[in-house]
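Hi there,

Here is the structure I promised to pass on to you. Have a look at it first, and my notes follow below.

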Amino acid sequence: MTISVDVPKDSFRLSQLLYDTRYRSLTIQVVAFILLMLSFSWLVSNTVQNLSALGKDFDFGFLSTPAGYDINQRLIEYSSQSSHGRAAIVGILNTLLVAFLGCIVATVIGVLVGVLRLSKNWVVSRLMAVYVEALRNVPLLLWIVLIFALMTESTPQPRDFREGGSASMLLGDTMAITNRGVFIPKPIWHDGSMILGAIFVLSLIGIWAFRRYARKRQEQTGDILPVFWVSLGLLIVPVTLFYFVLGHPVTLEYPELGGFNFQGGLQIRNSLIALWFALSLYTGAFIAEIVRAGILAVSKGQTEAAFALGLRPNRTMNLVILPQAMRVIIPPLISQFLNLTKNSSLAIAVGYMDVRATLGGITINQTGRELEGMLLLGLFYLTASLMISSVMNIYNNRMKLKER
Amino acid sequence: MKKTIFLGALTVAGLAATAASASTLDDVLARGKLNCGVSTGLAGFAAPDANGVWQGFDVDMCRAVAAAVLGDPMAVEFVPTTGQTRFTALASGEVDMLARNTTWTFSRDVDLKFEFAGTNYYDGQGFMVPTSLGVSSAKDLDGATVCIQTGTTTELNLADFFRSNNISYEPVPIETNAEALQQYNAGACDAYTTDASGLAASRATFENPADHIILPEIISKEPLAPLVRHGDNQWGDIVRWTLNALITAEELGVTSANVAEHAAAAGDNPEVNRLLGTEGELGAMLGLSADWAVKAIAAGGNYGESFERNIGSSTPIGLARGLNALWTNGGLLYSPPFR
């Protein structure tokens, strides 16, 4: 038996690339790709050409030369003799610090305000509406400058704290609010503080284990264990006990007025405070709207069902509404965290030494390496943003509706 | 997405392409305006007056160059720059020259690829403190909080000074002079440091200048100079010799009042004749008209006139000539001859 197979001889003609729908999209993509690469290579060659016209080369060697400038807020060891690379790291840590603090406070503010804006209390909900609209409709830079100006103009100078001065320290002389920053006691770690730290971590693990056990028990038997009090006890009792047993391994260093300024203690500079709170309040307003949207996205029937089961409004919110609302809230929340991190580059307005001010500011200015510095800066923000979003995506995957 | 990137790349490339072009002189002539980078506002050196017209010592330098090149001292577009943005503005071609209290240093000249046209003000870094602080020397400032303008040489000098004297300080970096003064007046910093001329200029704007003193220590050499980009020697020559013309004019007694008279006909002094173009071809060598220096001097007067009008002892800023007197009067100003 023979089958005659009718195979066309010229199965492929060049015109098919354009007229055959099987190949056309491929052709368009290849052409677009080539064009893109051409323009990209033109961009690079243009840059190289202009750099050589200016007599500049492309070199990252400047990162290892001494920086020569001082940085006031440094989380790691740094002096004016350190390298530009280290100055950049100091800046990066400062950026990450303000971004981290800002994200936490913004989330707390956002959730509170978002929930309260839905309150049945007319005054409360109107107040929250005013907060949200005022904060998110005025540029962030103005809020940063405003808070900074308030901190510098309305708080006393350190010299006002002298004998007979107009200002005095707060909380039993442990804390001072000045126009240069807030001075708080600083913990000093002695021998044995490692043990104390380990015990603290152990009690945290203990709390987690107890909560797991309590939940399992409640699911099986319906008994509700006093989770809150046991957790509180586990948190406080062992650490306090060992604090005395080990003979005060952690002491506090209090700020004291000496010379021109407060000495000792921990100084939280006004630039950090202004940036931190402006970022938190501003982003918090956006998060509040996201939270409100998330809560409104949960059907009213869920609330009614929870009430019908006898749950109080408080528990309804925590156990029924918020867990479901989280699925709607988290994705836009990620982009707010990214916004906050990137907006922290406005730090220069108040002289906060973030990475934009060290690497992207003084270093570029002193070395003339604009292209290299800006590329590094871009790379840092890109990496930081991608890391934040990947961490948040993991959380999102855990929280989102499991479809089986 | 792909399209956006493509268009963005095209835009960036197009912008970059315009930077590399013909000579700066041709650009300025074609534009009919000189783009001059100045500070964001420093009384006496560069600040807009009540009518919004820029006035000051550095501004006069821009106007003299504009007059020499374009024949019109008002044909200047002033571009306010901060300590951080000034070099990028110049390197990218946004401005044709900078006249902005910029210190002439080795690395700026050699590594940053700029050409300094000659010192127009010999300065040094000083400290200003409130009198009530009871400090009489910069070495008493151990532990003090010091406001600095970020992106300047003062930032580096400050670090060096405190390190070599083995005392500590807390730097408060600030973007512009105005913001620094606000911090200083609020008492958020104990001392403010910048060039001594800038301190005097700022102090003059205070309500009670007597409440603030400038400490005796001058911790650095700050030769302030107008500058241009490396690589365009003709343009560099024009700016350099415009400055020299102003200095020479003072030396030869040519002022804005009598320059027209001197320029009307060749006089007895051959150097005045060469300077003012009644003899020789100096203007043509620069690629300018023969009376380029006449216009430059007529614009804001010679060096001494500009100094006295803007920052001299009769103004609120009240700076003495000091190092900035002519060499014949014991100062450092010394122009190469016009020959």
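Let me start inside chain B. Domain 1 and domain 2 of chain B bury about 1200 Å² between them, with carbon and sulfur atoms giving 58% of that area; buried area here is the accessible area (1.4 Å probe) that two parts lose on being put together, summed over both. On the domain 1 side, Leu42(B), Gln84(B) and Ile317(B) supply 30% of the area buried against domain 2, more than any other three residues.

Before going on, a word on conventions. This is a predicted model, in which local features need pLDDT of at least 70 and side-chain atom pairs count only at pLDDT 80 or more, while totals for chains, interfaces and linings use all residues. Residues are numbered from 1 along each chain as its sequence is written, chains are lettered from A and ligands numbered from 1 in the order in which they are written, and side-chain values use heavy atoms, with hydrogens and water left out.

Back to the two domains. Domain 1 of chain B covers 23-122 + 224-329 and domain 2 covers 125-220, with bounds that come from an automatic or database domain assignment. Their C-alpha centres lie 29 Å apart. Contact (heavy atoms within 4.5 Å) joins 19 residues of domain 1 to 16 residues of domain 2. Between these domains there are zero salt bridges, a salt bridge being a side-chain nitrogen of Lys or Arg within 4 Å of a carboxyl oxygen of Asp or Glu. Two residue pairs are in polar contact there, both at pLDDT 80 or more; that term means a pair of N or O atoms within 3.5 Å, where within protein one must be able to donate a hydrogen and the other to accept it, and residues adjacent in sequence count only if both atoms are side-chain atoms.

Next, the interface of the two chains. Chain B brings 51 residues to the contact and chain A brings 42, and the area buried between them is about 3700 Å², with 53% from carbon and sulfur atoms. Two salt bridges cross this interface. Arg180(A) pairs with Asp190(B) in a salt bridge whose closest N and O atoms are 2.6 Å apart. Among the elements that give two or more residues to the chain B side are helix H1 (2-19) and strand S9 (144-149); helices (H or I, at least four residues) and strands (E, at least two) are DSSP runs, numbered from the N terminus. H1(B) gives the most, with ten residues.

Finally, a couple of individual residues in chain B. Asn310(B), in helix H14, is buried, with a relative accessible area of 10%; buried means under 20% relative accessible area, exposed over 50% and partly exposed in between (1.4 Å probe, protein chains only). Its side chain reaches the backbone oxygen of Gly56(B) at 3.4 Å, and a polar atom of that side chain lies 3.0 Å from the backbone oxygen of Ser306(B). Leaving aside residues up to four places away in sequence, Asn310(B) touches residues including Asp60(B) and Ile317(B).

Thr153(B) belongs to helix H6 (residues 153-164) and is buried too, with a relative accessible area of 11%. Beyond residues up to four places away in sequence, Thr153(B) touches Thr103(B), Thr105(B), Arg108(B) and Glu222(B).
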